[in-house]
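This briefing concerns the ligand surroundings and the helix packing of one protein model. Please consult the sequence and the structure shown below while reading.

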Amino acid sequence: LEAEVADLVRRLGRDGARPLLGGADPERALEELLHARRSHYESFPSSVETSAKSVEQAAAAAERLVSGEVLHVDRPECRQTIELRYGALEDLQDMLRERSLTGPLVLLTDENVNRALGSRLPQSIPTIVIPPGEGLKTLASVELLCGELASAGLDRGGTLIAVGGGVVGDLGGFCASVFMRGVRWVAVPTTVLAMVDASVGGKTAVNLPAGKNLVGRFHPPALVVSDPLALATLPERERRSGIAEVVKHAVISDPSLLARLESASSFGSLPDIAAAVSVKVKIVACDPLEENVRATLNFGHTIGHALEAASLYALTHGEAVAIGMVAEARLAERIGVARAGVADRIREVLARHGLPTAYAGAAPGSLRALISVDKKKAGSALRFALPADIGRVLHGIVVDEALLAETLAEIASG
Ligand SMILES: NC(=O)c1ccc[n+]([C@@H]2O[C@H](COP(=O)([O-])OP(=O)(O)OC[C@H]3O[C@@H](n4cnc5c(N)ncnc54)[C@H](O)[C@@H]3O)[C@@H](O)[C@H]2O)c1
């Protein structure tokens, strides 16, 4: 619980009953204590500001935080419940029971997640642990895994629980979609990207040598369980990469989330995750099968995918998308779609969270060629999703080649 120093002094009184504040200047003593403890307090995943609240209001805010949030996508093509709760990993088995997700259960995770979080997961559920990384998203893994699911006793009445980042979610979800012609699955995302993006919307897939996610199905998890405390063990670069997608969500439709990112130096509390995932929930609810507005989620990705490939994957997906968003926002300003200043605002917030906003390692010509290859693979024409303002992204925009070339040339300097 946090409060302004003046309020703390008022609440504590000046009668000298508190030994640490007993001197002549309690304000100064409190400020020094707060200063000394600041980094410890900042390590807490959440806090409640109480200065402007009554006792009842502060208690209600704390209760909301502890009991978490439940979000729903409720369309015939995609029904999902997303539960966000601190400590949800420990409550996983109860949550499955509450939702009648009984029958044989099998848990899938990767080695890193198992090392970091395995002790918090239910020990009684048979667990398959795979090596980490995008390289596992193959049809060969699907064959192996489906064999292991059969050996572990999963049947049509059972549930596969995929605990990990987007790789475990995409691979596990795809296996669940084909094993015995489809079994239920639960997503337990453990990266920022998987919590705010990959776990919502029902897309599952594996890669082919010809391209990423070329074999896949819409097969939404019956339940998504997100525990923001799981992010504590996430490597810093993975955390930053996920924040790129959060900035994207804020630019698409949540100016207050962008303002929060502009003033905060950290991200990952339950209200943060709830705000970021709500944007995806809203979009998927409007367009469950990716026929129209879901294309706004491609903001930053047309140029981002080309950068990822041009760097030979030295840039993570999130880093490439960060640079891509700045470039595409500049393109939007150049063609008169965006208000002046939008690109700078996006660049500054990304830089504040440690993300790159320029890349000098790719020639504009080769980026342009990679954009064409990517679009051809996706079977789509070259159309961009571009911001008009913070909170409003338009999709299906055709751009002038000369202006695109100028924008690509600018990427080296940001
Ligand atoms: N289905 C969708 O809608 C969708 C959307 C976006 C991305 N994706 C897919 O998501 C994948 C990327 O996902 P990602 O960024 O989560 O990467 P990831 O799954 O590879 O996880 C990143 C790394 O962090 C480790 N890790 C995960 N959680 C951890 C934790 N809590 N503590 C310690 N280590 C942890 C993993 O082992 C891995 O090494 C891509 O394959 C992409 O195609 C899917």
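In this predicted model, threonine 190 places a polar side-chain atom 2.8 Å from a nitrogen atom of the ligand. The ligand is surrounded by 26 residues.

**Ligand surroundings**

- The closest residues to the ligand are Asp110, Glu134, Thr190, Thr191 and Thr233.
- Threonine 190 reaches a ligand nitrogen atom through its side chain, at 2.8 Å.
- Alanine 230, by contrast, contributes a backbone N or O atom, which lies 3.0 Å from a nitrogen atom of the ligand.
- A polar backbone atom of valine 167 is 3.0 Å from an oxygen atom of the ligand.

**Helices H9 and H10**

- The axis of H9 comes within 7 Å of the axis of helix H10 (residues 255–263), and the two cross at roughly 140°.
- H9 and H10 are therefore oblique to each other, because an angle counts as roughly antiparallel when over 145 degrees.
- On the H9 side, the contact is formed by Val246, Val247, Ala250, Val251 and Ser253; H10 supplies Pro255, Leu257, Leu258 and Leu261.
- Sorted by class, the contact of H9 with H10 comprises 8 nonpolar residues, 1 polar residue and no charged residues.

**Helices H9 and H11**

- Helix H9 (residues 236–253) also packs against helix H11 (residues 270–286), at an angle of about 60° and with the axes 9 Å apart.
- This pair is therefore oblique as well, and H9 passes H11 in a left-handed crossing.
- Val246, His249, Ile252 and Ser253 of H9 meet Ala276, Val279, Lys280, Lys282 and Ile283 of H11.
- The residues in the contact of H9 with H11 consist of 5 nonpolar, 2 polar and 2 charged.
- Val246 and Ser253 of H9 take part in the contact with H11 and also in the contact with H10.

**Helices H12 and H13**

- Helix H12 (residues 301–310) and helix H13 (residues 317–334) have axes that come within 7 Å and cross at roughly 135°.
- That angle makes H12 oblique to H13, and their crossing is right-handed.
- From H12, the contact involves His301, Thr302, Ile303, Gly304, His305, Leu307 and Glu308.
- From H13, the partners are His317, Ala320, Val321, Ile323, Gly324, Ala327 and Glu328.
- The contact of H12 with H13 divides into 6 nonpolar, 6 polar and 2 charged residues.

Terms used:
Residues are numbered from 1 along each chain as its sequence is written. This is a predicted model: local features need pLDDT of at least 70, side-chain atom pairs count only at pLDDT 80 or more; totals for chains, interfaces and linings use all residues. Side-chain values use heavy atoms; hydrogens and water are left out. Axes are lines fitted to C-alpha atoms, for helices over the stretch in contact, and angles run from 0 to 180 degrees between N-to-C directions. Helices (H or I, at least four residues) and strands (E, at least two) are DSSP runs, numbered from the N terminus. Angles under 35 degrees count as roughly parallel, over 145 as roughly antiparallel, 65 to 115 as roughly perpendicular and the rest as oblique. A crossing is left-handed if the near helix is turned anticlockwise from the far one by less than a right angle, and right-handed if clockwise. Contact means heavy atoms within 4.5 Å. Ala, Val, Leu, Ile, Met, Phe, Trp, Tyr, Cys and Pro count as nonpolar, Asp, Glu, Lys and Arg as charged, and the others, Gly among them, as polar. A residue is near a molecule or strand if one of its heavy atoms lies within 4 Å of it. A polar contact is a pair of N or O atoms within 3.5 Å; within protein, one must be able to donate a hydrogen and the other to accept it, and residues adjacent in sequence count only if both atoms are side-chain atoms.
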